[in-house]
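Have the sequence and the 3D view open while you read.

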Amino acid sequence: MRIPPEFLPRDGRFGCGPSLVRPESLDRLCHSRRLGTSHRQGPVRQLVGSVRANIATLLGAPADYEVVLGNGGATAFWDAATFSLVERQAAHGTFGEFSAKFAKATDAAPFLAPSLITTAAPGGCALPTPAPEADVYAWAHNETSTGVLAPVRRIVDGPALTLIDATSAAGAVPFDPAATDVYYFSPQKNLGSEGGLWLALMSPRAIERVGKLAATDRWIPEFLSLQLAIENSRKDQTLNTPAIATLELLDAHLGWLLESGGLAWAAERTRESSGHLYAWAEAREFAQPFVADAALRSPVVVTIDLSDDVPADSVNAILRENGIFDTFAYRKLARNQLRIATFPAVDPADVRQLTRAIDYVVEQIR
Ligand SMILES: *Cc1c(COP(=O)(O)O)cnc(C)c1O
């Protein structure tokens with residue numbers, strides 16, 4: 001099926017990660033003189049320094065928080081946090097695949113007490129339950145597998161740390177950094193770069209915890225040592241060789257976000273895109289937002305259930321043939337659903353075109 005060109009977006013990349021990389025970032029990459037040079041020398045260290053400073057500015061970091069980075073992405077950070085941040089026991093809120101994966105990691109660690117896990121069914125939200133024994137509270141700011149946006153706040157007063165997986169929220173959703181101790185993410189979602197890197201905004205208390213655990217006799221693999229990551233980050237380096245291309249794309253995207261108006265601007269833009277999609281779904285008799293509670297609907301990952309006579313697999317296949325990519329639901333959710341990223345790099349005008357394209361496809365297949 002050929003969708004008429006007047007219904008097509010200019011850029012058809014709507015995937016939740018890896019997500020749309022702006023052509024302007026790629027131009028900068030093409031002209032980078034840093035690729036193919038040592039990551040221990042000035043030019044790449046300046047790039048890392050710029051990334052760290054731009055992230056602190058974009059997220060509105062308190063002056064005593066530090067931006068730390070390392071290789072391996074958010075998935076590696078879960079293991080690093082298990083070794084370097086959880087002292088005895090973690091409490092998790094899980095409400096989808098990603099938040100559940102970190103809970104699984106801490107729960108399986110032989111040197112920790114079994115994790116305390118509060119769970120909500122996909123489409124809902126669960127924060128960790130207060131527990132006197134817990135020294136880490138962890139959940140995801142935006143659950144990418146379901147399109148649920150969770151609140152970011154402290155669960156209890158006291159020394160327990162708050163760890164927020166912000167992989168698909170950082171750079172598009174305003175929050176209070178002082179309510180978190182570690183706000184960590186990978187750069188291939190809102191931040192328009194490639195995967196393979198993790199970044200974390202860390203509070204002085206989190207850095208202190210890392211130092212305390214590094215000084216115990218707990219065995220911590222070097223690659224997963226946040227103490228080593230902090231020491232390297234302070235020198236604008238990483239423990240081992242990073243993908244310089246990822247850093248270059250990330251810095252280009254951060255520069256664009258900051259010039260455009262920062263987090264408030266990005267939030268407004270993603271609200272415009274996602275607001276259009278939710279309103280469109282509510283107005284169609286064949287579609288409805290998956291997340292029933294409107295207050296939990298993500299501004300950056302929009303999940304829309306389709307009626308049985310509109311198979312998402314067929315819609316997605318036709319969209320793909322027409323250059324519109326990655327609108328499929330999270331595989332393990334196994335629902336008749338579309339999932340659309342409305343990250344800042346996605347043009348709201350393209351989101352409006354996407355709904356025209358879907359309307360056309362549905363008209364044809366029914
Ligand atoms: C994508 C994603 C991850 C995994 O990121 P990787 O870079 O693939 O490790 C973790 N958490 C959330 C919320 C995500 O969206």
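This is a predicted model: local features need pLDDT of at least 70, side-chain atom pairs count only at pLDDT 80 or more; totals for chains, interfaces and linings use all residues.

A polar contact is a pair of N or O atoms within 3.5 Å.

Which residues are the closest to the ligand? They are T75, T144, D165, S186 and K189, out of 13 residues that surround the ligand. Helix α3, residues 73–84, gives the most to this shell, with four residues.

Here are some of the pairs of N or O atoms that link protein and ligand:

| Residue | Protein atom | Ligand atom | Distance |
|---|---|---|---|
| A74 | backbone N or O | oxygen | 3.3 Å |
| T75 | side-chain N or O | oxygen | 2.6 Å |
| S186 | side-chain N or O | oxygen | 2.7 Å |

Taken alone, the ligand exposes 390 Å², and the protein buries 87% of that. As for where the ligand sits, the space it takes is the largest pocket.

Now let's look at strand β8, which covers residues 182–185.

What does β8 pair with? With strand β7 (residues 161–165), the pairing is parallel and runs over three bridges. With strand β9 (residues 197–202), the pairing is antiparallel, over four bridges.

Terms used: Residues are numbered from 1 along each chain as its sequence is written. Side-chain values use heavy atoms; hydrogens and water are left out. Buried means under 20% relative accessible area, exposed over 50%, partly exposed in between (1.4 Å probe, protein chains only). Helices (H or I, at least four residues) and strands (E, at least two) are DSSP runs, numbered from the N terminus. Two strands pair if DSSP finds at least two bridges between them. A residue is near a molecule or strand if one of its heavy atoms lies within 4 Å of it. A polar contact is a pair of N or O atoms within 3.5 Å; within protein, one must be able to donate a hydrogen and the other to accept it, and residues adjacent in sequence count only if both atoms are side-chain atoms. Accessible areas come from the Shrake-Rupley method with a 1.4 Å probe; for residues, only the protein chains shown count as cover. On a 1 Å grid over the protein atoms alone, a cavity is a set of points where a 1.4 Å probe fits but cannot get out, and a pocket is an open set with protein on both sides within 12 Å along at least five of seven lines; lining residues have an atom within 4 Å of a point. A molecule sits in a cavity or pocket if more than half of its atoms lie within 2 Å of its grid points.
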